[in-house]
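I opened my notebook to look up a few things in a protein model. Come along and check each entry against the picture.

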Amino acid sequence: MSDQVLRIIPLGGLGEIGKNMMAYEYGDDILIVDTGLMFPTSDMLGVDYIIPDFQYLYDKAHRVRGIVYTHGHEDHTGAVRHVLERIPVPMYATPLTKGLLQIKIRGDRNLKNLPIHEVRPGDTVRIGPFKVEFIHVTHSIPDSVALAITTPAGLVVHTGDYKFDHTPIDGKPTDFAALAALSRRPGGVLALLADSTNADKPGWTPSEQVITPALEAAMREAPGRVLVATFASLISRMQQVADVAARLGRKLAFVGTSMVENAKMARKLGYLQVPDEVLVPLEQALKLPPEEVVLMVTGSQGEPSSILGRLAGVGGARGRRPFSVQEGDTIIISAHPIPGNTENVYRTINSLIRKGAHVLYDPIARVHVSGHASQEEMKLMLNLVRPKHFIPIHGELRHLDQHSRMAQQLGIPKERIAVVENGQVIEFRRGKMRLAERVPGGWVFVEGAVVGESSIREIKERQALARGGLLLVTVPVDPATGKLAGDVDVVTRGFVYPEGADEFTAVLRKRIKKALKGATGDLEKALEQTVKNFVYGELRRRPQIFVTVKDVARNGPASGGNGAAPRRATKGG
């Protein structure tokens with residue numbers, strides 16, 4: 001065993017659900033596993049999505065040998081373009097995951113020519129000092145793999161997302177034998193990094209096959225159109241819907257750019273089997289009798305810009321509606337809300353019902369099951385791999401802690417388990433584990449074309465504006481006398497006056513005039529405090545308050561023309 005140190009750097013996915021990204025560092029070489037994104041919670045106003053803070057790698061880009069992907073879901077691939085812009089390295093992925101990655105980067109001429117090496121379960125590739133073996137696991141998307149990473153410091157197993165489904169849609173269950181064989185290798189398994197998403201769910205996760213009867217019953221009973229909302233990368237669900245549609249004589253159309261592109265790619269690669277006579281474009285589907293149509297759409301998380309979000313018309317929905325919800329529509333939401341999205345999802349459901357649709361979702365109907373292992377499957381993984389050390393990954397802190405407790409029940413000593421969050425570096429030297437330094441591991445907000453410019457501070461300011469509204473007060477002052485030199489201008493946004501707004505403004509003007517008489521020192525701060533105290537005293541409200549003081553000659557204009565010299569604006573609230 002080498003005396004050099006193996007460093008494991010979690011950059012995303014530990015202490016949260018989503019934006020999974022891990023770096024393995026040995027000597028001068030670094031291997032990245034996954035580059036995911038996370039969807040914003042309902043209070044992250046203006047944020048499209050969140051990517052990992054991988055600034056630890058900025059000045060080490062020349063040492064990164066490649067990026068390996070476990071599967072094609074957004075929480076493992078969604079940040080690929082952002083990472084490649086700073087770290088343009090080869091990628092390694094199974095065929096379906098490769099196809100999904102190509103869709104994400106093909107519009108960028110600087111990235112589209114970067115190599116994506118195709119691998120399959122059972123393959124082994126050497127990437128710098130890392131020997132990576134790909135082991136098939138079952139998840140809610142085909143071509144998912146766990147990784148057995150052999151390093152000079154020892155063997156590390158990275159499960160990715162998995163479950164033990166004996167009857168998966170693609171007919172390929174998790175490779176028990178390959179996982180068990182790892183424990184019998186010389187030296188055994190140094191460390192297991194395993195998915196913790198469902199660590200609080202007892203028992204076993206149901207098979208994907210249980211969804212098919214529920215989908216068929218819903219479609220058979222639907223009097224009109226059927227809309228199925230799910231993730232655009234959930235290829236297995238596309239297959240189930242297509243199979244049921246064909247049996248019931250319904251035509252199927254995919255709606256939404258990502259859904260259409262992913263379905264087209266999956267059909268081309270043979271991962272999605274839809275007869276040509278069943279699949280139709282949206283334009284044709286909308287002209288057919290409603291009872292002959294199934295539409296698969298994006299928006300299972302209530303995202304405002306998604307197809308379902310636009311149809312529901314809630315949450316600041318953006319973009320044109322391709323069609324409208326009508327009486328008699330049955331809408332199936334085949335996904336569980338991501339933590340933080342529950343409010344968005346239920347608001348969307350309520351709006352759709354209000355428009356006349358019948359909405360089905362779990363637990364009302366078994367139209368979705370998790371793609372992640374539950375407690376008994378997690379125990380099985382630990383017993384198959386038999387690691388010396390254990391690092392729970394992919395989950396909030398409560399999930400990681402619960403997974404740790406299960407490992408202890410199975411005999412792994414507490415001191416050989418690392419429950420850590422993003423940014424906490426873990427080191428292995430001569431078979432021993434220790435916690436090293438912390439590196440940045442926070443959130444990077446993406447808003448349109450703007451990446452990383454907003455911080456938690458700006459998000460909190462937006463929340464404050466949303467809660468209390470905005471009050472803009474412009475105060476003209478004669479610089480010679482220090483007295484009020486005109487009307488106080490009050491502009492509001494999202495802030496409602498009480499009855500008698502004129503009286504409210506008149507009293508505010510008197511308070512400002514009085515404050516000017518006794519003001520010393522910082523005039524802007526004094527006026528800001530006066531306005532804050534008055535508004536709270538009268539209304540018990542705390543809007544965001546901006547006060548602008550203008551120096552205005554007594555006989556000059558008070559609106560910024562000749563003789564007007566605006567001072568800085570100050571913020572209150």
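**Ground rules.** I call a residue buried under 20% relative accessible area, exposed over 50% and partly exposed in between, using a 1.4 Å probe and protein chains only. This is a predicted model, where local features need pLDDT of at least 70, side-chain atom pairs count only at pLDDT 80 or more, and totals for chains, interfaces and linings use all residues. Residues are numbered from 1 along each chain as its sequence is written, and side-chain values use heavy atoms, with hydrogens and water left out.

**Whole chain.** I looked up the overall figures. Of the 573 residues of the protein chain, 55% count as buried. The C-alpha atoms fill a box of roughly 90 × 70 × 50 Å along the principal axes. I found 15 helices and 26 strands in the chain; helices (H or I, at least four residues) and strands (E, at least two) are DSSP runs, numbered from the N terminus.

**Strand E2.** I asked which strands join E2. Strand E1 (residues 6-12) is joined to E2 by 6 bridges, and 5 bridges join E2 to strand E3 (residues 29-33). Both pairings run antiparallel; two strands pair if DSSP finds at least two bridges between them. Ile8 has Tyr24 in E2 as its bridge partner, while Met22 has Val33 in E3. E2 and E3 form a hairpin with 2 residues between them, and Gly27 in the turn has a positive phi of about 60°.

Is E2 (residues 21-26) mostly covered or uncovered? It is mostly covered, with 6 of its 6 residues buried. In a regular strand the side chains alternate between the two faces of the sheet. In E2, Met21, Ala23 and Glu25 point one way, and Met22, Tyr24 and Tyr26 point the other way.

**A sheet of 3 strands.** I noted an open sheet in the order E4-E21-E22, with antiparallel pairing. E4 (49-52) and E22 (450-451) stand at the edges with a single partner strand each, so one side of each is left without a neighbour in the sheet. E21 (residues 443-447) pairs with E22 over 2 bridges, and Glu447 has Val450 in E22 as its bridge partner.

**Helix H10.** H10 (residues 342-354) has 13 residues and reaches 18 Å from its first C-alpha to its last, close to the 18 Å expected at 1.5 Å a residue; the expected span is 1.5 Å times one less than the number of residues. In H10, Asn344, Val345, Thr348, Ile349, Ser351 and Leu352 are buried. They cover an arc of only 165° around the axis, which puts them on the same side of H10. I took this arc from the directions from the helix axis to the C-beta atoms. Just after H10, Gly356 takes a positive phi of about 105°.

**Aromatic rings.** My search of the whole structure found 5 aromatic pairs. Rings of Phe, Tyr and Trp (its six-membered ring) pair if their centres lie within 6.5 Å; planes under 30 degrees apart count as stacked, over 60 as edge-to-face and the rest as tilted. Why is the pair of Phe54 and Tyr58 edge-to-face? The ring centres of Phe54 and Tyr58 are 5.5 Å apart and their planes stand at 85°, so the pair is edge-to-face. Phe54 is buried at 4% relative accessible area, whereas Tyr58 is partly exposed at 37%.

Tyr162 and Phe164 have ring centres 5.6 Å apart and planes at 70°, so this pair is edge-to-face too. Tyr162 is buried at 0%, and Phe164 is buried at 3%. I ended with one aromatic cluster, formed by Tyr162, Phe164 and Phe176.
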